[in-house]
Protein chains: 2
Amino acid sequence: MQRMEEMILANGKVLPGGILKVGSFLNQQIDSVFLREIGEEIARLYEGCGVTKILTIESSGIAIAAAAGIVMGVPVVFAKKHKTSNVDGAVYAAPVHSFTHGIDYQAVVSTDYLTAQDTVLIVDDFLASGNALRGLLYLCEQAGAQVAGMAIAVEKCFQGGGDELRARGLRVESLAMVESMTDTEITFRRS
Amino acid sequence: MQRMEEMILANGKVLPGGILKVGSFLNQQIDSVFLREIGEEIARLYEGCGVTKILTIESSGIAIAAAAGIVMGVPVVFAKKHKTSNVDGAVYAAPVHSFTHGIDYQAVVSTDYLTAQDTVLIVDDFLASGNALRGLLYLCEQAGAQVAGMAIAVEKCFQGGGDELRARGLRVESLAMVESMTDTEITFRRS
């Protein structure tokens with residue numbers, strides 16, 4: 001998506017530790033006009049794939065998932081992050097390690113909201129090492145749901161998660177693919 | 001909003017401790033068609049009020065704020081919840097006590113995303129005692145921003161937060177106002 005690359009180049013900031021800050025338009029502050037375009041692009045990419053549900057994880061994936069849901073007209077489910085491994089009730093749970101925040105958590109979703117009848121589109125704002133997405137995949141697996149694929153706003157290719165998921169045969173669509181970045185330059189992967 | 005009341009009656013569940021569960025259509029799982037209607041209704045209520053920014057707090061307010069933002073075409077900012085009072089950087093911060101979760105946290109937003117030039121619409125999914133909303137108001141006050149009002153999906157009137165905010169002269173629009181609820185009956189306030 002040309003415009004995602006333009007927005008990153010115009011407004012993104014590279015911070016120490018390989019962090020790409022897009023807080024001015026994609027998370028924390030969200031450009032709503034651009035958000036609608038993101039929803040439309042995700043809907044276009046997965047048109048005709050029989051998606052019945054969008055799955056994301058709190059917090060920063062929710063706005064993007066909601067935008068895609070509004071355009072596609074399918075329900076959005078978000079997994080919650082629990083700090084403890086003591087998760088009660090009828091839920092699916094998957095352990096996730098966050099490199100960004102240096103913590104482990106459980107991604108949790110009620111068994112009511114993800115079923116074997118669902119064809120799921122997994123949506124998130126970032127794909128780096130892919131741990132959060134593998135957690136969401138594992139939730140779908142527990143539910144017996146089909147996975148149509150993933151739609152990601154920004155993939156940091158150099159962290160390898162996206163290519164690992166593609167090598168497993170999964171469809172991964174990233175609206176911008178950052179091949180490398182330094183303090184002064186961001187380079188995108190061309191397919 | 002007639003349809004919010006209908007959705008609550010058809011799909012809401014009253015749990016012990018005065019909790020109204022709307023996870024099947026409003027949070028955790030979100031009915032995207034209904035979400036768009038919510039966005040349109042909020043836009044209608046605050047049409048002509050000069051809103052420049054929508055402010056919410058993670059996580060369950062984000063989808064509603066995003067829907068309103070998409071219809072209104074204004075940026076959405078979400079405050080983050082920090083568990084500690086040690087919040088660094090150029091941020092506004094407000095202490096909040098959550099009765100639902102029995103914890104204290106800081107609602108935090110970057111000073112970049114809320115300014116004295118903004119006219120803010122505060123959006124959230126629930127209004128009970130009003131602590132989270134008072135925290136968001138305090139963030140606006142620190143920024144010197146105007147507050148056009150608040151738009152809430154579900155107000156639990158019997159917990160008093162909404163009336164306290166209205167008594168302070170604030171405009172509070174709740175799409176459904178639950179006057180009372182028991183295991184078997186939910187009663188709405190009629191204005």
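1. How many residues does the contact take from chain A and from chain B? The contact takes 27 residues from chain A and 27 residues from chain B, where two residues are in contact if their C-beta atoms, placed from the backbone, lie within 7 Å. Residues are numbered from 1 along each chain as its sequence is written, while chains are lettered from A and ligands numbered from 1 in the order in which they are written. This is a predicted model, in which local features need pLDDT of at least 70 and side-chain atom pairs count only at pLDDT 80 or more, whereas totals for chains, interfaces and linings use all residues.

2. On the side of chain A that touches chain B, strand 3 (29-30), helix 2 (32-45), helix 3 (62-72) and strand 5 (76-82) each supply at least two residues; helices (H or I, at least four residues) and strands (E, at least two) are DSSP runs, numbered from the N terminus. Helix 3 of chain A gives the most to this side, with 6 residues. The residues of this side divide into 14 nonpolar, 9 polar and 4 charged, with Ala, Val, Leu, Ile, Met, Phe, Trp, Tyr, Cys and Pro counted as nonpolar, Asp, Glu, Lys and Arg as charged, and the others, Gly among them, as polar.

3. Strand pairing also links the chains: strand 5 of chain A and strand 3 (residues 29-30) of chain B pair in the antiparallel sense over 2 bridges, two strands being paired if DSSP finds at least two bridges between them. Within this pairing, A:Val76 has B:Ile30 as its bridge partner in strand 3 of chain B.

4. B:Ala66, leaving aside its neighbours within four places in sequence, is in contact with A:Ile30, A:Leu35, A:Ala63, A:Ala66, A:Ala67 and B:Val76.

5. Within chain B, strand 4 (residues 53-57) is mostly covered, as 5 of its 5 residues are buried, that is, have 20 or more other C-beta atoms within 10 Å of their own, with C-beta atoms placed from the backbone. B:Lys53, B:Leu55 and B:Ile57 point one way from strand 4 of chain B, and B:Ile54 and B:Thr56 the other way. Strand 4 of chain B runs parallel to strand 8 (residues 119-127) of chain B, joined by 3 bridges, with B:Leu55 opposite B:Ile122. Strand 4 of chain B also pairs in the parallel sense with strand 5 (residues 76-82) of chain B over 4 bridges, and there B:Thr56 stands opposite B:Phe78.

6. B:Gly161, found in helix 5 (residues 161-167) of chain B, is buried because 22 other C-beta atoms lie within 10 Å.

Conventions. A residue is buried if 20 or more other C-beta atoms lie within 10 Å of its own, exposed if 12 or fewer, and partly exposed in between; C-beta atoms are placed from the backbone.
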